[in-house]
Amino acid sequence: MLVKVFGAAVSGIEAIVVTIEVNCSQGIRFFMVGLPDTAVKESHERIVSALEHNGFRFPRKQIIINLAPAGIKKEGSAYDLPLAIGILASSEAIAGNRLAQYMVMGELSLDGSILPIKGALPIAIKAQEEGFRGLILPKANEKEAAVVEGLAVYGVENIKEVIEFFNGERELKPTVLNIQEEFYHQQTTFELDFEDVKGQENVKRAFEVAAAGGHNLLMIGPPGAGKSMMAKRLPSILPPLTLQEALETTKIHSVAGKMGNHTSLLSQRPFRAPHHTISSAALVGGGSYPQPGEISLAHNGVLFLDELPEFSRQVLEVMRQPLEDRKITISRARSAIEYPASLMLVASMNPCPCGYYNHPDKACVCPPGAIHKYLNRISGPLLDRIDIQIEIVPVPFEKISDSRPSEPSSQIRERVIRAREIQSQRFKGEPGIYCNAQMNTKQLTRYAEPDAEGKQRLKVAMNRLSLSARAYDRILKVARTIADLDNSPSVKVQHISEAITYRNLDRENWAQ
């Protein structure tokens with residue numbers, strides 16, 4: 001008897017419907033076709049054991065299984081459950097009259113328990129788009145899939161529940177999720193807050209400007225100055241995720257298997273901080289079976305690279321195109337997969353190998369030429385994509401011992417949100433532009449042209465401080481953001497002046 005069960009394959013962050021065709025006939029052989037990988041082929045043994053533990057016998061017949069479309073690689077163990085249901089229905093051990101109404105996915109353990117899968121959210125979105133009545137998947141993934149409206153999501157713990165459901169012996173209750181409550185409840189709760197940071201008012205101001213305009217930021221300073229401490233608090237002042245951004249971010253983490261069990265939507269912007277030994281594939285994505293890398297996992301959030309010069313030169317250079325295009329395309333012989341990568345890059349570094357160049361108290365012990373060699377580990381094109389470069393110095397004892405609380409993140413966040421709202425209105429007619437950091441040259445001329453006094457100040461600064469030519473556009477972008485924080489419709493001289501102070505590494509004599 002030929003039956004069809006429906007599952008899904010995940011490609012990038014989208015899902016494709018997979019039709020699992022099972023035919024039982026006379027014989028004793030088992031065939032599976034349709035480009036299954038090793039994990040899919042090994043499902044035979046898991047299915048045999050799971051059925052035996054739940055009172056069913058694997059059919060002693062010839063079984064032919066086709067995974068359509070046959071030209072797409074089927075990967076992972078999430079096909080165990082639909083394969084098992086298809087085999088039972090084809091051998092007439094269970095009723096197959098309702099199989100076409102549901103999409104089924106899940107990994108089986110040897111005792112029939114159903115284990116979590118990757119990509120539950122994109123699979124649920126596809127099931128809803130294709131008009132399926134419901135989605136049956138592991139209990140651990142039910143909240144993640146239930147954020148999709150218009151689809152009944154059934155979380156199950158054992159294959160016996162699914163068998164009894166299709167036989168009409170059991171009713172499964174769909175998962176009901178209050179999306180508004182789940183999404184908005186945790187958006188204002190952060191473990192780390194800027195009120196814990198003593199001193200460093202100029203650096204906190206730089207973080208506020210970076211958050212308000214979506215600018216990339218680089219901190220340079222000695223060990224213990226607070227670079228990592230402040231970077232980890234950046235998400236607490238970023239604007240809250242919109243529902244659309246949350247769905248997109250959750251899809252990426254779902255595909256990568258980074259969602260916790262019984263988790264629904266990601267409600268806070270991601271913060272990723274990979275170690276400097278990371279490989280290029282782990283950073284941008286890839287592998288034999290392409291998976292999203294750290295720059296995609298940081299989509300709509302922050303990617304923090306601590307000790308930037310310690311990263312491999314090759315690893316840093318592969319970031320150049322994603323930072324500009326805000327997406328990454330992973331090409332293979334058979335296909336090309338695109339992952340989004342719209343993020344804020346925040347990096348920190350020491351000023352020299354020993355870490356104490358320009359330190360107010362400790363002397364630098366680096367040999368001649370070592371500082372320039374150390375700074376040259378970061379290429380000019382990569383620095384060109386970092387709008388704000390700020391020098392940070394250690395906090396004096398008087399500031400550290402001050403018991404008065406600093407300004408909390410909530411107050412800074414309010415100013416950032418107001419500035420982002422101004423930008424949202426400004427770029428309403430500009431597709432793909434959401435914040436000042438994304439402006440091109442034409443938009444800079446239209447929206448960030450300084451007044452006459454500001455132009456003169458910028459000219460003097462570029463000549464006197466030996467600022468590089470590439471700093472010009474960056475200064476204008478940052479100045480436009482500072483003007484938005486001031487609620488100023490035009491870019492004035494004070495905005496240009498502050499933006500100039502955020503270009504430390506562009507000064508030719510900085511490390512002399």
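## The largest pocket

In this predicted model, 32 residues line the largest pocket, and those nearest its centre are Val-10, Ser-11, Lys-73, Glu-75 and Tyr-289. The volume of this pocket comes to about 920 Å³.

Which elements each supply at least two residues of this lining? They are β1, covering residues 2–11, and β16, covering 336–340. Strand β1 gives the most, with four residues. Sorted by class, the lining of the largest pocket holds 17 nonpolar, nine polar and six charged residues.

## The second largest pocket

The second largest pocket has a volume of about 790 Å³. Its lining counts 28 residues, and Glu-245, Arg-269, Asn-300, Arg-420 and Tyr-434 are the ones nearest the centre. Two or more lining residues come from each of α10 (243–255) and α18 (409–426). Of these, α18 gives the most, with five residues. The class make-up of this lining is eleven nonpolar, eleven polar and six charged residues.

Two of the residues nearest the centre of this pocket, Glu-245 and Arg-269, also pair with each other. Arg-269 forms a salt bridge with Glu-245, with 3.2 Å between the closest N and O atoms. This pair links distant parts of the chain, as Arg-269 sits in the loop between α10 and β11 (271–272) while Glu-245 belongs to helix α10, 24 residues apart.

Side chains of opposite charge can pair when their charged atoms come close. The count for this model comes to 24 salt bridges. One of them joins the side chains of Glu-498 and Arg-205, with an N to O distance of 2.7 Å. Glu-498 is part of helix α22 and Arg-205 is part of helix α8 (residues 201–213), so this pair ties together parts of the chain that are 293 residues apart in sequence. Glu-498 is buried, with a relative accessible area of 19%, just under the 20% cut-off for that label. Arg-205, at 23%, is partly exposed.

Another salt bridge connects Glu-407 with Arg-415, whose closest N and O atoms are 2.7 Å apart. Both partners are partly exposed: Glu-407 has a relative accessible area of 31%, and Arg-415 has one of 23%. Which residues do salt bridges with shared partners join into one network? The members are Arg-205, Glu-208, Glu-407, Arg-415 and Glu-498. The two pairs described here, Glu-498 with Arg-205 and Glu-407 with Arg-415, therefore belong to one network.

## Arg-503, a buried arginine

Arg-503 is found in the segment that follows α22 (493–500). How accessible is this residue, buried or exposed? Arg-503 is buried, and its relative accessible area is 0%.

What does the side chain of Arg-503 reach? It reaches the backbone oxygen of Ile-386, at 2.8 Å. Leaving aside residues up to four places away in sequence, Arg-503 touches Leu-383, Ile-386, Asp-387, Ile-388, Gln-389, Leu-467, Ala-471, Arg-474 and Ile-475.

## Helix α4, an enclosed helix

Why is helix α4 (residues 120–129) described as largely enclosed by the rest of the structure? Eight of its ten residues are buried, so the helix is largely enclosed. The buried residues of α4 are Ala-120, Leu-121, Pro-122, Ile-123, Ala-124, Ile-125, Lys-126 and Ala-127; a lysine, Lys-126, is one of them.

These buried residues pack against β1, β2 (14–25), β5 (102–104), β8 (134–138), α5 (142–145) and α10. After α4 comes Gly-131, which has a positive phi, near 80°.

## The whole protein

Stepping back, the protein has 22 helices and 18 strands. Its C-alpha trace spans about 90 × 50 × 45 Å along the principal axes. The protein has 512 residues, of which 55% count as buried. Among contacts between residues at least 6 apart in sequence, 74% join residues at least 24 apart.

How values were computed
Residues numbered from 1 in each chain as written. Predicted model: local features only at pLDDT ≥ 70, side-chain atom pairs only at ≥ 80, totals over all residues. Heavy atoms only, no water. 1 Å grid on protein atoms, 1.4 Å probe; cavity = no way out; pocket = protein on both sides within 12 Å on 5 of 7 lines; lining within 4 Å. Points joined across faces, edges and corners; volume = space filled by probe spheres on them. Nonpolar A, V, L, I, M, F, W, Y, C, P; charged D, E, K, R; others polar. Buried < 20%, exposed > 50% of the residue type's maximum accessible area, 1.4 Å probe, protein only. Polar contact = N/O pair within 3.5 Å; in protein donor to acceptor, adjacent residues only side chain to side chain. Contact = heavy atoms within 4.5 Å. Salt bridge = Lys/Arg side-chain N within 4 Å of Asp/Glu carboxyl O.
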